[in-house]
Amino acid sequence: MRFGWTLFISLVLTLGVAVLPGAARADQHLDAEAAAHDAVDKNDDGVIDRGEFQILIIEIYYLADDDKDGTLTEKELEEVEPGVFDVADANDDDKLTLREYENARFGDYEAADTDDDGVVSLPEAEAFDAKIE
């Protein structure tokens with residue numbers, strides 16, 4: 001269930017965190033990644049803890065739920081997070097509950113937390129992204 005930290009960045013940007021206009025160069029991408037990481041790091045301790053990550057997941061979930069029925073269809077999620085639906089739909093019922101979405105996204109969180117300290121630092125996020133690309 002590896003969706004990548006690059007998707008994490010794009011999701012933060014989707015939620016309205018303005019980082020850099022026209023981030024096309026690699027150094028701008030890294031700056032954008034750092035800015036997105038900082039935006040999710042609500043308590044400014046330099047890492048993203050499970051609570052901060054869960055807030056982001058919930059915001060993305062409800063942002064993607066266009067018809068506001070409390071579940072996500074493949075079409076709704078595809079607009080926000082392409083390629084995630086099939087992996088996240090654990091019971092193959094063609095809709096995602098918040099729990100299914102959280103479980104899928106926390107799989108990435110756990111994989112990114114390589115030192116098992118319960119938080120994801122920017123270097124861990126960058127390494128995770130590089131590993132799966």
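**Overall fold, core and helix packing of the predicted model**

Along the sequence, the elements of the protein chain follow the order α-α-β-α-α-α-α-β-α. This corresponds to seven helices and two strands, where helices (H or I, at least four residues) and strands (E, at least two) are DSSP runs numbered from the N terminus. The structure is a predicted model, in which local features need pLDDT of at least 70 and side-chain atom pairs count only at pLDDT 80 or more, while totals for chains, interfaces and linings use all residues. Residues are numbered from 1 along each chain as its sequence is written, and side-chain values use heavy atoms, with hydrogens and water left out.

Of the 133 residues in the protein chain, 40% are buried; buried denotes under 20% relative accessible area, exposed over 50%, and partly exposed the range in between (1.4 Å probe, protein chains only). Contact is defined as heavy atoms within 4.5 Å. Among contacts between residues at least 6 apart in sequence, 56% join residues at least 24 apart.

The largest nonpolar core comprises 25 residues, a nonpolar core being a set of buried Ala, Val, Leu, Ile, Met, Phe, Trp, Tyr and Cys residues joined through side-chain atoms within 4.5 Å. The residues with the most contacts inside this core are Phe 53, Leu 72, Leu 77, Leu 96, Tyr 101 and Tyr 109. Two or more residues are given to the core by each of strand S1 (47-49), helix H3 (50-64), helix H4 (74-80), helix H5 (85-88), helix H6 (98-112), strand S2 (119-121) and helix H7 (122-132). Helix H3 gives the most, with six residues.

Helices H3 and H6 pack at an angle of about 135°, with their axes 10 Å apart. Axes are lines fitted to C-alpha atoms, for helices over the stretch in contact, and angles run from 0 to 180 degrees between N-to-C directions. H3 and H6 are therefore oblique to each other, given that angles under 35 degrees count as roughly parallel, over 145 as roughly antiparallel, 65 to 115 as roughly perpendicular and the rest as oblique. The contact is made by Arg 50, Phe 53, Gln 54, Ile 57, Ile 58, Ile 60, Tyr 61 and Tyr 62 of H3, together with Leu 98, Tyr 101, Glu 102, Arg 105, Phe 106, Tyr 109 and Glu 110 of H6. By class, this contact has ten nonpolar, one polar and four charged residues; Ala, Val, Leu, Ile, Met, Phe, Trp, Tyr, Cys and Pro count as nonpolar, Asp, Glu, Lys and Arg as charged, and the others, Gly among them, as polar.

Within helix H6 lies Phe 106, which counts as buried at 12% relative accessibility. Leaving aside residues up to four places away in sequence, Phe 106 touches Arg 50, Phe 53, Gln 54 and Ile 57. Phe 106 and Gln 54 are 52 residues apart in sequence and 8.3 Å apart in space, C-alpha to C-alpha. Ala 111 is also found in helix H6, but counts as partly exposed at 22% relative accessibility. Its C-alpha atom is separated by 9.4 Å from that of Glu 124, 13 residues apart along the chain.

Two aspartates in loops were also examined for backbone geometry. Most residues other than glycine have a negative phi. Asp 94, in the loop between H5 and H6, has a positive phi of about 65° and is exposed, with a relative accessible area of 58%. Asp 116, in the loop between H6 and S2, has a positive phi of about 55° and counts as exposed at 64% relative accessibility.
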